[in-house]
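Visitor: I would like to learn how to read the features of a model such as this one. Please show me the structure and take me through it.

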Amino acid sequence: LIEKNISKLGMKNTKFHVELNELDKEKFFLFGNDKCEFKISASKLGEAKLLSKIASGGEISRIQLAIKMLKINSDLNETLVFDEIDTGISGRIADMTGKVMKEISNSQQVLCITHLPQIAGKGHHHFVSDKIVTEIDTEIRIKKLNNNEKVDEIASLMSGNKITQTSKARAKEILKVY
């Protein structure tokens, strides 16, 4: 199943393996006595190697999402939190990731922190956070955005501080707000 999910996220022919090896039959360590290693092969015939050694940030993000996809519908009360799942991805892969996350959100709650318009634009509700630093404390404020603010926020993800009419038009396309 995980390989099917990884394929949906644009990593065709990727093989995923989990290896469990007993470390010491005589001792138990803080987390047991097994060593768990995730390995992948990017091709059908390639040798599986340690994920931590060969995968890019984008590949790790997509594999993390593929693993979380295994839990869809297993506990409908669970909220899935994706904090910058978009690390190392862009363009077509970001769009595919956004579609998968939107699919997940049809059956359970998803909270996603992202900087990519392709992912943010697929959300049902949009919030923006501001960090307020004073001499005494640091405060985080969260604001729910209305439709016009959503357009501006998606446009700013694309064009930075200077929001143009072109970036607003593209944001409306992404949000499908006409």
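**Salt bridges and other features**

Guide: Lys99 forms a salt bridge with Asp95, their closest N and O atoms being 3.3 Å apart; a salt bridge here is a side-chain nitrogen of Lys or Arg within 4 Å of a carboxyl oxygen of Asp or Glu. This is a predicted model, in which local features need pLDDT of at least 70 and side-chain atom pairs count only at pLDDT 80 or more, while totals for chains, interfaces and linings use all residues. Residues are numbered from 1 along each chain as its sequence is written, and side-chain values use heavy atoms, with hydrogens and water left out.

Visitor: Where do Lys99 and Asp95 lie?

Guide: As a general idea, an α-helix has 3.6 residues a turn, so residues three or four places apart point the same way. In this case, both Lys99 and Asp95 belong to helix H4, four residues apart, about one turn of the helix. Helices (H or I, at least four residues) and strands (E, at least two) are DSSP runs, numbered from the N terminus.

Visitor: How many salt bridges are found in the whole structure?

Guide: The search finds ten. One of them joins the side chains of Lys39 and Glu19, at 3.2 Å from N to O. Lys39 is in strand E2 and Glu19 in strand E1, so this pair ties together parts that are 20 residues apart in sequence. Lys39 counts as buried at 17% relative accessibility, whereas Glu19, at 30%, counts as partly exposed. Buried means under 20% relative accessible area, exposed over 50%, and partly exposed in between (1.4 Å probe, protein chains only).

Visitor: How should I read a pair of aromatic rings?

Guide: A pair of aromatic rings is described by the distance of the centres and the angle of the planes. Rings of Phe, Tyr and Trp (its six-membered ring) pair if their centres lie within 6.5 Å; planes under 30 degrees apart count as stacked, over 60 as edge-to-face and the rest as tilted. The count here comes to one aromatic pair. The ring centres of Phe16 and Phe38 are 5.5 Å apart and the planes stand at 35°, so the pair is tilted. Phe16 lies in strand E1 and Phe38 in strand E2, so the pair ties together parts 22 residues apart in sequence.

Visitor: Are Phe16 and Phe38 buried or partly exposed?

Guide: Phe16 is buried, with a relative accessible area of 10%, while Phe38 is partly exposed, at 36%.

Visitor: What is the phi of Asn13?

Guide: Most residues other than glycine have a negative phi, and most peptide bonds are trans. Asn13, however, has a phi near 65°, a positive value in a residue other than glycine. Asn13 is found in the loop between H1 and E1 and is partly exposed, with a relative accessible area of 41%. Glu84 also has a positive phi, near 55°, and is found in the loop between E4 and H4.
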